[in-house]
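Please read these points alongside the coordinates.

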Amino acid sequence: MSNSAEILKTLDGTRLSRAEAIALCELTDLTPLLDAAARRRDCAHGEIVSYSRKVFIPLTQLCRDVCHYCTFAHPPKKGERAFLNAEQVLGIAEAGRKAGCKEALFTLGDKPEMRYRIAREELEALGHETTLSYLAEMAALVLEKTGLLPHINPGLMDDADLSSLRQVSVSQGIMLESASERLCQKDMPHYGSPDKLPVMRVDTIRRAGKLRIPFTSGILIGIGETREERIDALLTLRDLDDVYGHIQEIIVQNFRPKPGTRMADVPAPSLDEHLWTIAVARLLFEPSMNIQAPPNLSPGELSALVAAGINDWGGVSPVTQDFVNPEAPWPHLTKLAEATAAAGKQLTERLAVYPAFAREPSRWIDKKVQKRFLDLIDGEGRPRHENWRVGGLEAVPASEAARIAAPAPAVLPGAFRPILAKAETGASLSEAEIVTLFEARGDAFTAVCRAADDMRRAVNGDIASFVVTRNINYTNICAFKCQFCAFSKGRAGDTLRGTPYVLEMDEVARRVREAWARGASEVCMQGGIHPSYTGETYLEICRTAKQAVPEMHIHAFSPLEVSHGATSLGLSVAEFLTALKEAGLSTLPGTAAEILDDEVRAILCPDKLDTEGWLDVVRTAHGLGLRTTSTIMFGHVERYAHWARHLLRIRKLQMETGGITEFVPLPFVHMEAPIYLRGGARPGPTFREAILMHAVARLVLYPHIANIQASWVKLGEDGVSHCLDAGANDLGGTLMDESISRSAGASHGQEMTPSRMEEIILAAGRLPRQRNTLYGKPPRAHRAVPELIPADLCPSG
């Protein structure tokens, strides 16, 4: 196919072939090319154009190469050190940290010790033989002392260099610049620069792929190459990424002539030349590839760059200059946001690692870096912007809180309008649509919260309910090894995270009688899977509670406990549940669900019930007339796609059985959780994510589950108040002496009186209503008793 217009017209989402790309070389009217590139970008990146807030650390500006356009590298200067020392490096990094930077970009010349004696002498004095060895020490220092994530551009590397630097950084890079050997010939820009040989640079990129290093590369245009040579360079990178999947961005950088260089009089490429190259790059790669153009090298033309198909501006520093292009200052971030908005996009911060890579840290991030990295990301793989933590005492972030109850925006990003409209009809959303809702930020976040709140009002009115309950955890000894749990202990005598205990039946009976005397209509009873417990133990617990107070509603036993009890007695789940019901069991808590996706469960709780096992127990309970709650425990190792699958599985089960009374989001409390302490999990959801879980659950589960509950133990009084503006209609139970969240490090208290619960609800503009477990009226004598109700902890309802 030779006609370029026909090529663009028939593009169906497939990548351009080499022949098709070359056919575009003679294109004069760029409009159809740019339109095709923008459409391809939008189908993967939507309204987002990203950037990384970085600090630039020029470790050394000595280099053995002599690129004819470069002013970054220069020969040794009298009285000037060859390398920044540790104090200087930390000074720059700390300034960046204080300015909100999260990336420390280390840029340096290539192997200067191979050319300059001063470099060798300074390295020796610093205790190193090579520049790359010293670089590794400085990157480790910055990571440890400031928490900034190093991104490293050190030139050519072998496997040992790449592996060493992987342990102290989150990403690396090398610009291919060009795949043309012609540019290395005499009188060409790379002549005399051995590290610019394309075959050598390709080898480094290939080695990085084998080592699973998130990698940056790209091309430099306007240095004497042809359009066809640009295409070949881009295809070289595409071939490498097809094999290893490690290239996270393609930079299309425009050459700028600099005084004092051999290419000072070479004209810069035209804007059209830059736009043509960006658009062709977009069409050569998969839509998900990140195509970047530095904003400081095209001042005044940012809208045009966006229109050509970029989705990223690269690193932008509020602290340091662009040492490679010192004549081109970074745009102020406020101005960059305005320019991006003028181009119809939303500026969004990312880390040095793009979200798609950040969402798979076990694959892409070295274990030595992983804990610090996970502390900085949310479930989408984007940066956290708050100090708030689930279970902590930090104030909720004011900017996000203000958005929750703000008026719905008049204009929404296109992707959100049809999804919210579909949710209002009660139709089942797709996994991709639910993921989009969880990605909501800014005005879209407000719109999702408003839609959920409107739906809550239509379903529940302005009533917010709670139940007076006592939680009885009869043992904290557990044979299972859930990676998130700080409540359970090992066998008796194991003092890990506290003292193991087992309640005697007399104590269980006493607590049930005390709960009834103090106004509780429910006891919620759960515990660890004690290695000596059998199904008979659970039956005895039920009989004991029922004999103590025949009128008490017994809400007990997770699906895991039910499965364990049935297996221990050689009974089917249905047979065992029938026996429990006869012994006095009224309803079951839908806990131990965590994330209903076996990919996550294999990490989080590999010895627990799998997804289908959990669903089967709950389904069987419903079939026997035992109603249950449903839960999700989120904000640790999972992704938004896992949240979506969990919600869809809960919705499907409810459509089948109708037995679920409520959905309870349980945000992960990280402080003492083993998986977090080992560096394997995020520190719980962000405030935005915690609010969205309630809002999106309301939208996804409508009209099948009427009640969405917020946990004051995990979110605090202020947190649950905001949830009441985002789809929640229930605050769960009044608790005292709670232990599970407390064991994990939560600090929101151990008690809540009915009167205080009413105060919180009234302050949120809702009407309080005390309920029973099944959302009916509690016994008349048990209404609004303002006494503390002792409890251990389980999600009530």
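**Notes on the model**

1. S563 counts as buried, at 17% relative accessibility. Buried means under 20% relative accessible area, exposed over 50%, and partly exposed in between, with a 1.4 Å probe and protein chains only. S563 is found in helix α22 (residues 559-569). Leaving aside neighbours within four places in sequence, S563 is in contact with L609 and V617. Contact means heavy atoms within 4.5 Å. Helices (H or I, at least four residues) and strands (E, at least two) are DSSP runs, numbered from the N terminus.

2. On provenance: this is a predicted model, in which local features need pLDDT of at least 70 and side-chain atom pairs count only at pLDDT 80 or more, while totals for chains, interfaces and linings use all residues. Residues are numbered from 1 along each chain as its sequence is written, and side-chain values use heavy atoms, with hydrogens and water left out.

3. F557 is found in the loop between β12 (553-556) and α22. Its phi is near 75 degrees, a positive value in a residue other than glycine. F557 is buried, with a relative accessible area of 0%. D187 also deserves a look: its phi is near 70 degrees, again positive in a residue other than glycine. D187 lies in the loop between β4 (171-173) and α8 (198-210). D187 is exposed, with a relative accessible area of 68%.

4. Which residues have the most contacts inside the largest nonpolar core? They are V448, M525, F557 and L580, in a core of 128 residues. Helix α28 (residues 687-701) supplies the largest share of this core, eleven residues. Apart from it lies another core, of 90 residues, among them A21, M138, A233 and L237. A nonpolar core is a set of buried Ala, Val, Leu, Ile, Met, Phe, Trp, Tyr and Cys residues joined through side-chain atoms within 4.5 Å. In soluble globular proteins, nonpolar side chains tend to be buried together.

5. V448 touches F416, L420, L437, A440, L692, A695, V696 and L699, not counting residues up to four places away in sequence.

6. Now the strands. Strand β2 (residues 103-108) is mostly covered, with six of its six residues buried. In a regular strand the side chains alternate between the two faces of the sheet. Both faces of β2 are covered: E103, L105 and T107 are buried on one side, and A104, F106 and L108 on the other.

7. β1 and β2 pair in the parallel sense over six bridges. Two strands pair if DSSP finds at least two bridges between them. A104 in β2 is the bridge partner of V55. From β1 the chain crosses through helix α4 (residues 86-98) to β2, a right-handed β-α-β crossover. Right-handed means that, with the strands pointing away from the viewer, the path from the first strand over the helix to the second runs clockwise.

8. β2 is also joined to strand β3 (residues 149-153), by five bridges, and these run parallel. Here L105 has H151 in β3 as its bridge partner. Strand β1 (residues 48-60) is joined to β9 by five bridges, also parallel. Y51 stands opposite E349 in β9. Four of the five residues of β9 (residues 346-350) are buried, so this strand is largely enclosed by the rest of the structure.

9. R384 is found in the loop between α15 (367-374) and α16 (398-404). At 6% relative accessibility, R384 counts as buried. A polar atom of its side chain lies 2.9 Å from the backbone oxygen of G684. Beyond neighbours within four places in sequence, its contacts include K102, D375, R389, P683 and T686. R384 and R688 are 304 residues apart along the chain, yet their C-alpha atoms are separated by 9.9 Å.

10. A search of the whole structure finds twelve aromatic pairs. Rings of Phe, Tyr and Trp (its six-membered ring) pair if their centres lie within 6.5 Å; planes under 30 degrees apart count as stacked, over 60 as edge-to-face and the rest as tilted. The rings of F634 and W643 have centres 5.5 Å apart and planes at 85 degrees, so the pair is edge-to-face. F438, F634, Y640 and W643 form one aromatic cluster.

11. A cis peptide bond joins Y702 and P703, with omega about 0 degrees. P703 lies in the loop between α28 and α29 (712-723).

Key: A polar contact is a pair of N or O atoms within 3.5 Å; within protein, one must be able to donate a hydrogen and the other to accept it, and residues adjacent in sequence count only if both atoms are side-chain atoms.
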